[in-house]
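Please consider the following account of strand pairing, ring contacts and the nonpolar core together with the sequence and coordinates shown here.

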Amino acid sequence: MELQPPEFVQQTELTSNSGFFKLEWRMAQGFELPEGYTFLLEQSSDKNFSQIKNIYKGPDLATYISGLPDGTFYYRVKIIEQHNQKESQWSSHLQARVEHFSLEFALTLCAMGALVFLLTVAVIVVGVRTTNFS
């Protein structure tokens, strides 16, 4: 019996502005997953997978990817039968794009947080002084 390749649960391109996301895959309909199987998940920066990085190897149907820089990444997964070392074909690839928030946006949020903090401290100080003089 030929092993059917797994398929990604996500059907569209993934996007992240934080550099992490969850990848999930499943077996083709009607295919039970017996013991002794593992999945191999690969990542590449190009569609042809000319330079690959093994991301995960194990029995789970999902994994988290984190710490990615800005860019476009491609993922594919296959199943491996441990007993006979039989392998399925690779799944269709899944594209993920990482676009972190700009430094200007992060600094703006930091400045707004500092302003709210300083205003809160000012309200507390004024309130304490008003209470002490009354």
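**Strands, rings and core**

Strand β2 (residues 14–16) and strand β9 run parallel and are joined by three bridges. Strands here are DSSP runs of E with at least two residues, helices are runs of H or I with at least four, and both are numbered from the N terminus; two strands pair if DSSP finds at least two bridges between them. The model is a predicted one, in which local features need pLDDT of at least 70 and side-chain atom pairs count only at pLDDT 80 or more, while totals for chains, interfaces and linings use all residues. Residues are numbered from 1 along each chain as its sequence is written, and side-chain values use heavy atoms, with hydrogens and water left out.

The antiparallel pairing of β1 with β3 comprises two bridges, and in it glutamate 7 has arginine 26 of β3 as bridge partner.

The aromatic residues come next. Rings of Phe, Tyr and Trp (for Trp, the six-membered ring) pair if their centres lie within 6.5 Å; planes under 30 degrees apart count as stacked, over 60 as edge-to-face and the rest as tilted. Four aromatic pairs are found by this rule. One of them is the edge-to-face pair of phenylalanine 21 and tyrosine 75, with 6.0 Å centre to centre and 80 degrees between the planes. This pair links distant parts of the chain, since phenylalanine 21 belongs to strand β3 (residues 21–26) and tyrosine 75 to strand β7 (residues 71–81), 54 residues apart. Both phenylalanine 21 and tyrosine 75 are buried, where buried means under 20% relative accessible area, exposed over 50% and partly exposed in between (1.4 Å probe, protein chains only).

Tryptophan 25 and tyrosine 56 form a tilted pair, at 6.0 Å centre to centre and 45 degrees between the planes. Tryptophan 25 is in strand β3 and tyrosine 56 in strand β5 (residues 52–58), so this pair ties together parts 31 residues apart in sequence. Tryptophan 25 counts as buried at 2% relative accessibility, and tyrosine 56 is buried with a relative accessible area of 14%. Ring pairs link Trp25, Phe39 and Tyr56 into a cluster.

Which residues have the most contacts inside the largest nonpolar core? A nonpolar core is a set of buried Ala, Val, Leu, Ile, Met, Phe, Trp, Tyr and Cys residues joined through side-chain atoms within 4.5 Å. The largest has 21 residues, and those with the most contacts inside it are Phe21, Leu23, Trp25, Leu41 and Tyr75. Strands β3, β4 (37–44), β7 and β9 are the elements that give two or more residues to this core, and β7 gives the most, with four residues.
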